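Trainee: Before I set anything up on this model, I would like to go through its fold and its metal site.

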Amino acid sequence: MAGAISLTQHILQGERQAPQETGEISGIMTQIALVGQTIARDLSQSGLIDLLGSTGQVNVQGEEVQKLDQKANESFVRAFESSEVVRTLISEEMEKPLHIVPAERTGKYALFFDPLDGSSNIDVNAPLGSIFSIHRVLPLTSGGKEPDFLKPGAEQVAAGYILFGPSTILVYTSGKGVHQFTLEPGSSEFLLSASDIQMPSRGKVYSVNEGNYRKWPTGMQKFIDYLKESDSATGRPYSTRYTGCLAADVHRILLKGGLYLYPGEIKEPEGKLRLMYEAAPLSFVVEQAGGLGSTGAERINAIQPKTPHQRVPLVIGSREDVEMVEKFMKE
Ligand code: AHG
Ligand code: MN
Ligand code: MN
């Protein structure tokens, strides 16, 4: 893409328009983009260099850690371990928050991440993602007290995801629209490929693991039944699309409309997905594009978190589709 604008240029331009901000966020984004390139390279050669399969360990979520989950986590940690800007790292693959030693004095940000999202896709060459969320904190040496990084998603400074599909793309927002960048293989630069993405107010697709249908509350079952009925006036039945990678499924919804759901279950009302590094950042992106992120009862980004790894039910996508779920869940 000759003449296309790079991620770094784009962020710097945005910061020039808001001079109270410094180059700190652009520095963090540049590091995340480099991590994305490393993970993309690891994924592309995973079948050739013994990177497939499990490590044999189980993470704080009780889930089996794949070799690539661990490798992607290491790539994030390595990129930020000598940061003077990011004070604390919180990852799906690390039980405890990791404080960055140089940044304890100077670091004003906490970085949450899901290093590799959609791990069941690793061994089958299907899409994967990395999800990130940046919050403002105080340096530990100037009044910052752990866990001051547990803030509602509404206070995120920036968030987004990298999607490793046929091409590698990075989608992010810092509260001024949603922008997409595509990794140009030759130059190793992320170049702007879509700016100010706005999503349709309703869609034709729903994305959910329907194998769990019988575990859901009645309102959710009734909603999915409703989507399958035939009614041309309301565009039903909707189609199903589900990759098993949240970032990939939400990206489809972001561009084409519709909704992604990971409901709570009667026996496990919190659902599966994690608030701080899955639901909240994706909700920030989707809200910036005109959509909604909800638990089915309340706005995801209004939730005051209690723990770094807490789970939350997620209904995310086109505004009217999400509002319809909320209506069904109330009845
Ligand atoms: P992760 O690989 O980071 O643990 O996340 C997996 C998540 C998400 O990507 C996906 O939408 C969902 O789990 C799939 O879960 P099911 O296999 O239960 O459908
Ligand atoms: Mn995930
Ligand atoms: Mn993960």
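Predicted model: local features only at pLDDT ≥ 70, side-chain atom pairs only at ≥ 80, totals over all residues.

Mentor: Residues are numbered from 1 along each chain as its sequence is written, chains are lettered from A and ligands numbered from 1 in the order in which they are written, and side-chain values use heavy atoms, with hydrogens and water left out.

Trainee: Which are the edge strands of the sheet?

Mentor: Strands are DSSP runs of E with at least two residues, numbered from the N terminus, and two of them pair if DSSP finds at least two bridges between them. The open, mixed sheet has eight strands in the order β4-β3-β5-β6-β7-β8-β9-β10. Pairing on one side only marks the edge strands, β4 (98–99) and β10 (189–194).

Trainee: Which residue in β9 stands opposite Tyr 172?

Mentor: Strands β8 (168–173) and β9 (178–184) pair in the antiparallel sense over five bridges. Opposite Tyr 172 stands His 179.

Trainee: Which residues coordinate the manganese ion (ligand 3)?

Mentor: Donors are N, O and S atoms within 2.8 Å of the metal (3.2 Å for Na, K and Ca); water is not among the atoms, so sites may look incomplete. Along the chain the donors follow the spacing E-x21-D-x1-L. At 2.1 to 2.2 Å, the coordinating residues are Glu 92 (OE), Asp 114 (OD) and Leu 116 (O).

Trainee: How far apart are the manganese ions, ligand 3 and ligand 2?

Mentor: Asp 114 coordinates both ions. Their separation is 3.8 Å.

Key: Helix = DSSP H or I, 4+ residues; strand = E, 2+ residues; numbered from the N terminus.
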